Amino acid sequence: CGKQATAFPCTMARGASFDPELERAVGAAMGREFRAAGINYAAAVCVNNLHHPGWGRAQETYGEDPHHLAEMGLALTQGIQAHGVMACVKHFALNSIECSRFYVDVQIDERTLREIYLPPFRRIVQDGDVASVMSAYNQVRGAYCGHSRHLLRTILRQEWKFRGFVTSDWVHGIRSGRKALRAGMDVEMPFAHRYGKPLRRSLKNGAAKSKHVERSVLRVLTTR
């Protein structure tokens with residue numbers, strides 16, 4: 001942004017402190033600096049489980065234990081949002097590999113999903129009242145995360161009562177504007193690609209519904 005800011009240790013290094021209160025203080029400092037720079041949104045809270053050493057986001061998460069991820073991610077979220085900045089927890093879900101992330105289809109049973117991979121997200125949504133959730137690039141059981149009704153509707157909104165808005169991971173986060181909108185994807189990042197002309201055509205021919213657009217707009221405006 002062309003402005004000076006504090007360079008904190010990377011998330012993995014902060015995770016090695018095992019100190020949620022220190023992480024909450026880091027989040028608060030980030031929140032103050034965001035506001036000073038005129039920023040109101042921070043896509044900073046990464047709580048994916050680190051199982052693959054070649055994962056490109058290894059330095060951006062805290063480790064591989066669900067409880068540790070949940071407590072540290074919650075602390076960062078609370079610190080950031082205490083200063084009027086919307087935090088975003090990511091990448092929902094099962095984003096733990098690099099080279100195949102755009103096409104891999106993760107086959108996982110429901111118990112493993114809920115006991116190992118989802119607890120950090122649940123904690124931050126339910127106890128941190130996080131403003132935003134970012135979906136993942138990968139597929140889960142044949143559906144891209146940005147198209148997954150099971151993840152975005154059944155679990156996130158119905159079970160966890162999430163009240164904020166959902167964004168896609170950047171550029172290739174969704175492959176069909178119609179499917180993503182219907183599943184509950186509110187914002188395509190960083191620009192309207194699938195949510196541009198293709199979605200307008202789907203709305204015009206009736207394949208997509210304007211009420212779903214209005215629902216997403218309302219979520220974003222309400223959260224802001």
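**Exercise 1. State how many salt bridges there are, and work through the pair formed by R114 and E110.**

Solution. The count comes to 13 salt bridges, where a salt bridge is a side-chain nitrogen of Lys or Arg within 4 Å of a carboxyl oxygen of Asp or Glu. This is a predicted model, in which local features need pLDDT of at least 70, side-chain atom pairs count only at pLDDT 80 or more, and totals for chains, interfaces and linings use all residues. Residues are numbered from 1 along each chain as its sequence is written, and side-chain values use heavy atoms, with hydrogens and water left out.

Step 1. Find the distance: the side chains of R114 and E110 meet at 2.8 Å, N to O.

Step 2. R114 and E110 lie four residues apart in helix α4 (residues 110–117), so about one helical turn separates them. Helices (H or I, at least four residues) and strands (E, at least two) are DSSP runs, numbered from the N terminus.

Step 3. Check accessibility. Buried means under 20% relative accessible area, exposed over 50%, and partly exposed in between (1.4 Å probe, protein chains only). R114 has 27% and is therefore partly exposed; E110, with 25%, is also partly exposed.

Step 4. Look for shared partners: salt bridges join E110, R114, R141 and E159 into one network.

**Exercise 2. Classify the two residues of the R101 and E98 salt bridge as buried or partly exposed.**

Solution. Step 1. The closest N and O atoms of R101 and E98 are 3.4 Å apart.

Step 1. R101 has a relative accessible area of 18%, so R101 is buried.

Step 2. E98 has 22%, so E98 is partly exposed.

**Exercise 3. Describe the pairing of strand β2 and its cover.**

Solution. Step 1. Two strands pair if DSSP finds at least two bridges between them. Strand β1 (residues 41–46) pairs with β2 in the parallel sense over four bridges, and A42 stands opposite A87 in β2.

Step 1. β2 also pairs with strand β4 (residues 132–135), in the parallel sense over three bridges. Here C88 stands opposite S132 in β4.

Step 2. Strand β2 (residues 86–92) is mostly covered, with seven of its seven residues buried.

**Exercise 4. Describe the largest nonpolar core and the contacts of L156.**

Solution. Step 1. A nonpolar core is a set of buried Ala, Val, Leu, Ile, Met, Phe, Trp, Tyr and Cys residues joined through side-chain atoms within 4.5 Å. The largest has 44 residues, and those with the most contacts inside it are V47, V89, F92, V130, V133, L156 and W160.

Step 1. The largest share of this core, five residues, comes from α3.

Step 2. Contact means heavy atoms within 4.5 Å. Leaving aside neighbours within four places in sequence, L156 is in contact with F92, V125, V133, L151, K161, F162 and V166.
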